Amino acid sequence: MKNLILNLKKDRQAFLFVILGLILIAVPAQISSAVPFLLGIPMVIYAILNVVISFRYREALPKLGNSILAGVLGLVILLQKADSLSTIGVIWAIFSLHESAEEINEFIETKHFNIVSCISIIISVVLAAMLMFDPFEHFETHIRILGLEIIASVFTRRKRLIEEKVQRSAV
């Protein structure tokens with residue numbers, strides 16, 4: 001999500017993400033109850049579309065294995081309904097841990113350590129562990145944190161755009 005927001009071309013799109021972040025912060029319980037549908041339905045549609053594209057347009061070659069995985073996960077989430085928060089929480093935690101691992105790898109490769117990023121990684125790992133231990137208890141908290149992360153990414157995007165504008169005007 002962070003990379004998606006950072007690479008947005010229009011400020012209006014970024015503004016919509018701020019609104020989304022505020023909604024996640026304001027009504028996490030309602031969002032939590034809708035998550036199985038908000039996540040499951042798009043995953044199944046994504047899988048179906050990619051399977052059709054794979055067979056109809058062989059040169060397009062979407063990753064069929066990833067599509068099938070998304071479809072199965074989407075169906076499981078839809079069939080479990082409210083009970084799927086446990087499954088979603090664990091998957092979310094694993095994605096967070098994977099993202100943290102990638103950031104650590106990047107630190108090692110570039111030999112560029114940033115204290116704020118290091119603290120962020122530690123917090124992400126702790127939150128991921130909490131989510132795996134008790135997904136139902138911590139899910140709404142994580143919804144709020146996601147809202148804060150989305151808003152922070154919009155501000156980071158804005159800061160980066162200003163820095164790029166200053167660099168261009170200096171040249």
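I took contact to mean heavy atoms within 4.5 Å. On that basis I found that residues 24 or more positions apart account for 74% of the contacts in the protein with a separation of 6 or more.

I noted that this is a predicted model, in which local features need pLDDT of at least 70 and side-chain atom pairs count only at pLDDT 80 or more, while totals for chains, interfaces and linings use all residues. Residues are numbered from 1 along each chain as its sequence is written, and side-chain values use heavy atoms, with hydrogens and water left out.

**Fold.** I looked up the secondary structure as DSSP runs numbered from the N terminus, with helices (H or I) of at least four residues and strands (E) of at least two. The protein has seven helices and zero strands. I recorded a span of about 55 × 45 × 35 Å for the C-alpha trace along its principal axes.

**Burial.** I used relative accessible area with a 1.4 Å probe, protein chains only: buried is under 20%, exposed over 50%, and partly exposed in between. Of the 171 residues, 27% are buried.

**Core.** I treated a nonpolar core as a set of buried Ala, Val, Leu, Ile, Met, Phe, Trp, Tyr and Cys residues joined through side-chain atoms within 4.5 Å. The largest one has 20 residues, and Val35, Ile88, Phe139 and Ile143 are among those with the most contacts inside it. At least two residues of this core come from each of helices H2 (11-26), H3, H4 (64-80), H5 (84-110), H6 (115-133) and H7 (135-170).

**Ser32.** I located Ser32 in helix H3 (residues 28-56). Ser32 counts as buried because its relative accessibility is 4%. Beyond four places in sequence, Ser32 contacts Leu85, Phe139, Glu140 and Ile143.

**Phe139 and the aromatic pairs.** With residues up to four places away in sequence not counted, Phe139 touches Ser32, Val35, Leu85, Ile88, Gly89, Trp92 and Leu131. I then searched for aromatic pairs, meaning rings of Phe, Tyr and Trp (its six-membered ring) with centres within 6.5 Å; planes under 30 degrees apart are stacked, over 60 edge-to-face, and the rest tilted. The structure holds two such pairs. Trp92 and Phe139 are edge-to-face, at 5.6 Å centre to centre and 80° between the planes. Trp92 lies in helix H5 and Phe139 in helix H7, so this pair ties together parts that are 47 residues apart in sequence. Phe139 is buried at 1% relative accessible area, whereas Trp92, at 21%, is partly exposed. Phe107 and Phe113 form a tilted pair, because their ring centres are 5.6 Å apart and their planes lie at 45°. Here I found Phe107 buried at 11% and Phe113 exposed at 57%.
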